[in-house]
Amino acid sequence: MSTDERRRGLRLVLWDGIVTQAMVTLTGGVFLVAFALHLGASNTIIGLLAAIPPLAELFQMPAVYLVEKIRNRRRLTVTASFMARTFWAVIAVIPFLVPPPGAVWALVGAMCCYSILAGISHCAWNSWIHDLLPQAEIGDFFSRRMRLSTILAIILSLAAAFFIDFWKTGTGGELTAYSILFLGGYLAGMAGIIILSRTPEPLIQEEEAPEIRTILMEPASDRNFRNLLIFLGSWNFAVNLATPFFTVYMLQKLGMNIGWVIALVVLSQIASVASFKVWGHTADRLSHKSVLQISGPIFMIAILAWTFTTLPDPYFLTVPLLIAIHILTGISTAGVTLSTNYIGLKLAPQGHATAYIAAASITNYLAAGIAPIVGGLFADFFAARQASLTLTWSDPAGTIVLNTLDFQHWDFFFFFAFIIGLYSLHRLSAVHEDGEVKERIVIRELIAEVRREVRNLSTARLRALVRPPVTRTQELEETKPERRAYESETRGTGASED
């Protein structure tokens, strides 16, 4: 494949990511959960809806055979994606064609069909992109793709929230508003199909189609990759035990309206946009593991903080805490998503990419699918349980009792997710990746990246007008000792033992 053709392919992949994000924004997340709740979905159904997409990714195993047999990943991706995205048009008309008792199960069935077909397309797409994208540019390219996609998601989320508020005040009803959003997502998905159909595909490498046993055993026999699979499995279980229920928690427990929920989600996305480039450059300069060592703990702290948003009811710190949580979640999600999605691509050996990537995907999605089902099944059990810790101060003037901790219902899920997340970060320490360094080096690199980004802002030019003139040569001379120390420390820092 020529250089020009590869560049054109990467440009089209970038645009495909943007329009696909438009589809995901209008059809998933808060809007899908709110749609299901209006149809009468229970906590178990909410958990099931969150579990269906990742569990359907198990169909990547038979999809490996389709890739090897058809040997045209573009055709397989386009066909499967077209069939999958058509089901969003089906979901959009459920409120008008299916009476309430069966509407929820019609939604579940349509989500199953969509997710299975999407899983097949993902297998072909992953292998396709693995060969199209230069390995040294994975972090930078996908950080840019995710940053642009998230900007669009912010704009669409706000527009959709205003649209729902406007529509439900009329005679159309809120369910109709969600149906219109899903139709818009369907149209965006079809635009992505057109872009994919024009994206060039490198010649597929001659690689024998692996057996199911090979897919499971070959990556597992690789000690380093096995450690990665353990980390990915425990991490995805921890994250998906809690995150699918954040929207339910805010809508039902905290009594917030959809506008407030969308505003917080948008705040989180803005924080992600501001962080993608920094995390991407750091991943390419150092390693994906190095990024996870910093972004992972921040993400887990944000999940634990959800337990303090009620004590036991909403209080004056609830909204400030929610704002802080969503900012931390946005910053850390940018690094976590970027690194967990593509560390498997980087560690997969050449010539065995299909089996290794499929194993990583299966591990990810199996854990992500089981966790919300567990959460949904135990939701009612924990609804009747409570654990509290109070601080009591007594003196002759009276007694003061402070509720320092109060776990109810969803709080248990947030706490369990935090504990499992800490275990997964412990397992990450056993993974070796070229370029990994100690946490303090990563922090120093992140600070340097942030400073570089700040200098690129127009305000930096204004600041330069008012500070004393310093020549570029003087600046370089002043920073030489610090740079030499940093480079020496970076070279002297080896990877952790397996």
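The mean pLDDT of the protein chain in this predicted model is 80, and 81% of the residues score at least 70. The pLDDT is below 50 over residues 458-498, a stretch with 30 contacts in the model beyond near neighbours in sequence.

Two helix pairs can be described in turn. Two packed helices are described by the angle between their axes and the distance between the axes.

Helix α5 (residues 73-85) and helix α8 (residues 100-132) have axes that come within 8 Å and cross at roughly 150°. Angles over 145 degrees count as roughly antiparallel, so α5 is roughly antiparallel to α8. The crossing of these two helices is left-handed. On the α5 side, the contact is made by Arg73, Arg74, Leu76, Thr77, Ala80, Ser81, Met83, Ala84 and Arg85. The α8 side contributes residues including Tyr114, Leu117, Trp125, Trp128 and Asp131. By class, the residues of the contact of α5 with α8 are eleven nonpolar, four polar and four charged.

For helix α12 (residues 223-242) and helix α15 (residues 288-305), the axes come within 11 Å and cross at roughly 25°. Angles under 35 degrees count as roughly parallel, and α12 is therefore roughly parallel to α15. α12 and α15 also cross in a left-handed sense. Phe231, Trp235, Val239 and Ala242 of α12 make the contact with Leu292, Gly296, Phe299, Met300 and Ile303 of α15. The contact of α12 with α15 has eight nonpolar residues, one polar residue and no charged residues.

Terms used. Residues are numbered from 1 along each chain as its sequence is written. This is a predicted model: local features need pLDDT of at least 70, side-chain atom pairs count only at pLDDT 80 or more; totals for chains, interfaces and linings use all residues. Side-chain values use heavy atoms; hydrogens and water are left out. Axes are lines fitted to C-alpha atoms, for helices over the stretch in contact, and angles run from 0 to 180 degrees between N-to-C directions. Helices (H or I, at least four residues) and strands (E, at least two) are DSSP runs, numbered from the N terminus. Angles under 35 degrees count as roughly parallel, over 145 as roughly antiparallel, 65 to 115 as roughly perpendicular and the rest as oblique. A crossing is left-handed if the near helix is turned anticlockwise from the far one by less than a right angle, and right-handed if clockwise. Contact means heavy atoms within 4.5 Å. Ala, Val, Leu, Ile, Met, Phe, Trp, Tyr, Cys and Pro count as nonpolar, Asp, Glu, Lys and Arg as charged, and the others, Gly among them, as polar. pLDDT is the predictor's confidence in each residue, from 0 to 100.
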